[in-house]
Amino acid sequence: MNIDYKALAQKYGTPLYIYDFDYIAHRYMTLKDAFAGKKSMINYAVKANSNLSVIAHLAKLGAGADCVSIGEVRRALIAGIDKYKIIFSGVGKRDEEIRESLEKDILMINLESEAEMKRVEMVARKLGKEARISIRVNPNIDPQTHPYISTGLHENKFGVEIELAKRMYIYAKKSEFLNPLGIHFHIGSQLTKLSPIQESATIVADLVRSLKAINIDIKFFDVGGGLGVVYSDEITIATQEYAQAIFQATKGLDVTILCEPGRYMVANAGAFFTKVLYEKNNGGKRFVIVDGGMNDLIRPSLYSAYHRIEAVDVEGEKTAADVVGPVCESGDFFGKDVPLPPLAHNDLIVVHSSGAYGFTMASNYNTRSKPAEVALEGGEDKLIRQRETYEDQVRLELAYLQK
Ligand code: LLP
């Protein structure tokens, strides 16, 4: 497809996120097909990109949702995800969030501690309702990814140890207000090695077998998210091999496989567009200053994440430049030593692979308004989030302003 990004940047302004909805559909179908041999459900991890139109697009394809706040649960429901396809996960949930998720009758609440189980039981008792639950097991496996996005080791705050999980299942089974239906693990994000996933799945499947022996029947086997994507030259996990590894681990178990991909679904569907304000040279170092900042896309600053950067339709000899934003922080950059041609005011720069954890991690730092978001589908472009304005930002403060 030949897309005129310059025209889109003109039409919608910059900074701007653009998402290719056809690519998202293709990713969903590829993963769904890989799991075709078994009962399965893909619960899109809403945190990766929670734009309502993105969720609605996936809902139409049949996806479920993995949510980590009641806000995300509400987004999933309003975007048309079936309530029985929604899981509510996360390491800390307020009582009100638990109550609302029970009232909304979603598929299950994913528990991350014994204390949380007791809270959920208490809230369920008050409502006179049974809470369907799953438990996040921490298999103590090193996922071999960035430490900030590694979650499957005992030193991380996530999930519970196998032995405790077992005791929790026994407790839940006896409780009038808890119904243990699922089991869950998620060892990290941007995973490019299959073996830690396979090992974890095997450990967790063994737990399912030992629970079965004591009459606790687990119906949903949730393998979490974490499938890595290509940002530069990573060799990623093939979806067929991924599914086969899970099938192998769960052999003989009558379970529905759930998985919760976020990044896999949307990262490479999205690109971030920003315009050049000007160039400058500091003691021989070349800087390209753009109108987008770390508040719009924080991954490079926060994780030293690499995103491929190009100038759109600009010719000329390339030399290394740091691409930086206007925010008052040295960490405000999109790329360092990026080969770029000479650039002029208003030239367009694209930061690739920005569809996941881009907009959702955006902030208003420096009173900068959040970018607009646009979807491309079947050659058509449509606005899916209006650009935020200064007025939007001050709305919650103005009424309290005392001069
Ligand atoms: N399920 C659970 C329980 C999770 O904690 C996460 C992500 C996912 C699923 C989705 O993971 P994915 O398929 O997207 O890897 N902000 C970071 C990523 C944080 C991931 C947190 N958990 C980044 O920009 O790289």
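## A first walk through the fold

Asp337 is a residue of strand E14. Its phi angle is near 50°, which is a positive value in a residue other than glycine. Before going further, keep in mind that this is a predicted model, and every value below is computed from it.

You'll find Ser353 in the loop between E15 and strand E16 (372-377). Is Ser353 buried or exposed? Ser353 is buried, with a relative accessible area of 7%, and the cut-off for that label is under 20%.

Another backbone feature turns up at Pro15. A cis peptide bond joins Thr14 to Pro15, with omega at about -10°. As for its place, Pro15 is in the loop between helix H1 (5-12) and E1.

### Rings that meet

Now for the aromatic side chains. How many aromatic pairs are there? The count comes to eight. Pairs like these are described by the distance of the ring centres and the angle of the planes.

Take Tyr17 and Phe272. Their ring centres are 4.9 Å apart and the planes sit at 50°. Planes under 30 degrees apart count as stacked and those over 60 as edge-to-face, with the rest called tilted, so this pair, at 50°, is tilted. The two residues come from distant parts of the chain: Tyr17 is in strand E1 (residues 16-20), while Phe272 is in strand E10 (residues 270-282), 255 residues apart. Tyr17 is buried, and Phe272 is buried as well.

A second pair is formed by Phe35 and Phe247, with 6.0 Å from centre to centre and 70° between the planes, which makes it edge-to-face. Phe35 lies in the loop between helix H2 (21-34) and strand E2 (40-45), and Phe247 lies in helix H9 (residues 239-249), so this pair ties together parts that are 212 residues apart in sequence. How accessible are these two rings' residues? Phe35 is buried, at a relative accessible area of 1%, and Phe247 is buried too, at 13%.

Some of the aromatic residues gather into a group. Tyr17, Tyr19, Phe272, Phe334 and Phe359 make up one aromatic cluster.

The charged end of Arg27 is placed over the ring of Tyr264, 3.9 Å from the ring centre. Likewise, Lys118 has its charged end over the ring of Tyr171, 5.0 Å from the centre.

### Helices side by side

Helix H8 (residues 194-213) has packing partners in H9 and in helix H7 (residues 162-174).

| Helix pair | Angle | Axis distance |
|---|---|---|
| H8 and H9 | about 25° | 8 Å |
| H7 and H8 | about 35° | 11 Å |

What does the angle say about H8 and H9? Angles under 35 degrees count as roughly parallel, and H8 and H9 are therefore roughly parallel to each other. H8 passes H9 in a right-handed crossing, and the crossing of H7 past H8 is right-handed as well.

Between H7 and H8, the residues Ile162, Ala165, Lys166 and Tyr169 of H7 meet Ile203, Leu207, Ser210 and Leu211 of H8.

### A loop and a chain end

Asn346 is found in the loop between strand E14 (333-340) and strand E15 (348-351). With 44% relative accessibility, Asn346 counts as partly exposed. Leaving aside residues up to four places away in sequence, Asn346 touches Lys275 and Val276. Asn346 and Thr274 are 72 residues apart in sequence, and their C-alpha atoms are 8.9 Å apart in space.

Finally, look at Leu401, which has its place in the segment after helix H12 (390-398). Leu401 is exposed, with a relative accessible area of 52%. Where does that leave Leu401 relative to Asn2? The two residues are 399 apart along the chain, and 49 Å separates their C-alpha atoms.

Terms used
Residues numbered from 1 in each chain as written. Predicted model: local features only at pLDDT ≥ 70, side-chain atom pairs only at ≥ 80, totals over all residues. Heavy atoms only, no water. Phe/Tyr/Trp six-rings, centres within 6.5 Å; stacked < 30°, edge-to-face > 60°. Helix = DSSP H or I, 4+ residues; strand = E, 2+ residues; numbered from the N terminus. Buried < 20%, exposed > 50% of the residue type's maximum accessible area, 1.4 Å probe, protein only. Lys NZ or Arg CZ within 6 Å of the ring centre and 35° of its normal. Axes fitted to C-alpha atoms, helices over the stretch in contact; angles between N-to-C directions. Parallel < 35°, antiparallel > 145°, perpendicular 65-115°, else oblique. Left-handed = near helix turned anticlockwise from the far one by under 90°. Contact = heavy atoms within 4.5 Å.
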